[in-house]
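Have the sequence and the 3D view open as you read.

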Amino acid sequence: MQIRAPKTKRAKRELDKRAPKLVENVKKTLILHGTKTSAVLNSVLTELYHLKRDNAVKFSKKNENIKPFETGGETSLEFFSHKTDCSLFAFGSHSKKRPNNLVLGRTYDHHIYDLVEVGVENFKSIESFEYDKKLAPKIGSKPLFAFIGEEFESVDELKHLKEVLLDFFRGEVVENLNLTGVDRVFVCTALSSKTILLMHCALRLKKSGTSIPRMELVEVGPSMNLVVRRHRLPSESLLKEAMKTPDHAKKIKNVTSDVIKGKTGRIYIPDQKVGDMPLSNNIKGLKRERREAKQNKESKKRKTESE
Amino acid sequence: MEGSSYQIDLGNLMAYDPNHHFQSIPSSRGELANHCLEKGTEMVQAIANSLFSLPSTESRDGPVVKLPLPTTKLPREKHLPKPKPPTKWEEFAKMKGIKKRKKNKRVWDEQTSSWKRTHGYDRANDDRDIPILDAKSTDEVGVDPFAKRSAEKKERVKKQEKNRLENLKKAAKAGALPSHIQLAATALPITGTKKDVPKKASKDELESVAGMAATSTASGGKFDKKLPGEKPPKHSGKHRKFLPVVEGKGIGSKEKQQTEKILNQLLSKSSHEILDVNKAVTMFNVKKEKQRKKDKDANPGKSGKLKPNKKSFKKTSTKKKP
């Protein structure tokens, strides 16, 4: 057995960044594609990468042995997730049966947690939108979300997709937010029980009479129709484990602090049933031989009982 | 228009409208986009209303608000860190009531009469810097006290390493190994792939390689010191047999034997004899022995079971015609 520790402080810092923590880092995204992709899918993946520039990794090679929904095809994905420390991934592939296929997935402890497979339709890239360049949202700004449609609550697939999209585009969870930095919003509208329209818009804050500015949406980014094809929810145990929050300090029972007495607690003694208690055989009043004889008889009795 | 009946999650800056449904999806893309933008604007306005009414502090970049915790729960990406079990020293200290003492970065060094650092290069009161050691009555005559001190230090360091390994093993068992440490004999290097791990050579491989290396020496590996457990080389000695130079008059007996052997081999190949008498005789004898053995075995231990008719797959002695 040997201890392998990093030799430089820099390597140690990098490893500590990847360690499990109470308050976690931003989730990084891994963007890759399979053997066959279409032009539409390529642009979808590149634009997704641009939207998440700071914390995304894009692979350019073709990966033929990744099949997320099959049992054997996940090992490569898990390996990449482990190496790049990415817990979200977007895998694009194109086939006749599933054209413009995009699998959005999450990992827990670098094992597949859940998957949603969507087909991309009616894709409009960033270049096709014309807008005032000053409004362009900055990379890394925290987006607003608007989900429209009752289907996001009633339909299982869309509920799952909503959660996954929120996780994908949320970015860092911050406590303090600079109000001048809110400049983008993702609008998702449920068109049917299986399709949604995803739009990315920039925000323009206009002066209004009160201190609250008036919001104006300008469509800037990619817009696409997502058709949910398959999805895999996490198993119950995995879900429970992943949703665990760090323990809040347990309430200690039976401890009260009194100003005069100090820290007090109550001791509860069960009732002593004096009548049922067996008398001991080590009666000091008897002479020694009789006492020992009594003790031996008792122990012999116990031995025969146990046999 | 639905009023502010949106579900707003301020921690995630999210608004959800549960009461909207399309009676009929607008046919053109532009109309649909506009409709969605309108709805989106309303909802974003609702978020902004609650957002901007939060108490804000002024910073140099602008007003900063403190967001509440997000209400929609999302799964973690890694498991919760497990608490480390106390090390052996920590348990001992707890039992004895020993508390940690703050150590100074610089300590006074008596020898050089200066302030030196406590640990590390050029430290104060270093064990190795003592120039003179007084001899005690317990010291033996031939023992070098400086060597003894350094040996003791090495022992202490080894013991400490062993204890550290034990503590880490305990932590690994509890699942709380520190993230930058790996514990295994065959762990992959911290960066790298399976190809970088050197493969272990097998015993036969090592033996053959050692043999090859030995024969490449000038004396053919005859006088190499053998390690304990190393087998003597096979095929030692000459590989060719040279006849003696002088052996009496004319063609010697050994040479005669050699040439006779070669001749016989050549002639037998071209002979037309069908039967090789010697071979036939030996085969007959062998068969007879086997039969005798079988009878001996069969008679004493006669079992009621039927024995399968064993068919021999041996080739017969018939020689094919050339």
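Searching the whole structure turns up eleven aromatic pairs over all chains, where rings of Phe, Tyr and Trp (its six-membered ring) pair if their centres lie within 6.5 Å; planes under 30 degrees apart are stacked, over 60 edge-to-face, and the rest tilted. Two of them are in this table.

| Pair | Centre to centre | Between the planes | Type |
|---|---|---|---|
| F79(A) and F80(A) | 6.1 Å | 50° | tilted |
| W108(B) and W115(B) | 5.5 Å | 70° | edge-to-face |

This is a predicted model, so to speak of local features takes pLDDT of at least 70, and side-chain atom pairs count only at pLDDT 80 or more, while totals for chains, interfaces and linings use all residues. Residues are numbered from 1 along each chain as its sequence is written, chains are lettered from A and ligands numbered from 1 in the order written, and side-chain values use heavy atoms, leaving out hydrogens and water.

How open are these rings? Buried means under 20% relative accessible area, exposed over 50%, and partly exposed in between (1.4 Å probe, protein chains only). F79(A) is partly exposed at 43%, whereas F80(A), at 18%, is buried. In the tryptophan pair, W108(B) is partly exposed at 36% and W115(B) is exposed at 55%.

There's also one aromatic cluster, made up of F145(A), F147(A), F152(A), F168(A), F169(A), F186(A) and Y16(B). F147(A) has K162(A) over its face, 5.6 Å from the ring centre. Likewise, the charged end of R230(A) sits over the ring of F69(A), 4.2 Å from its centre. Such a charge counts if NZ of Lys or CZ of Arg is within 6 Å of the ring centre and within 35 degrees of the ring normal.
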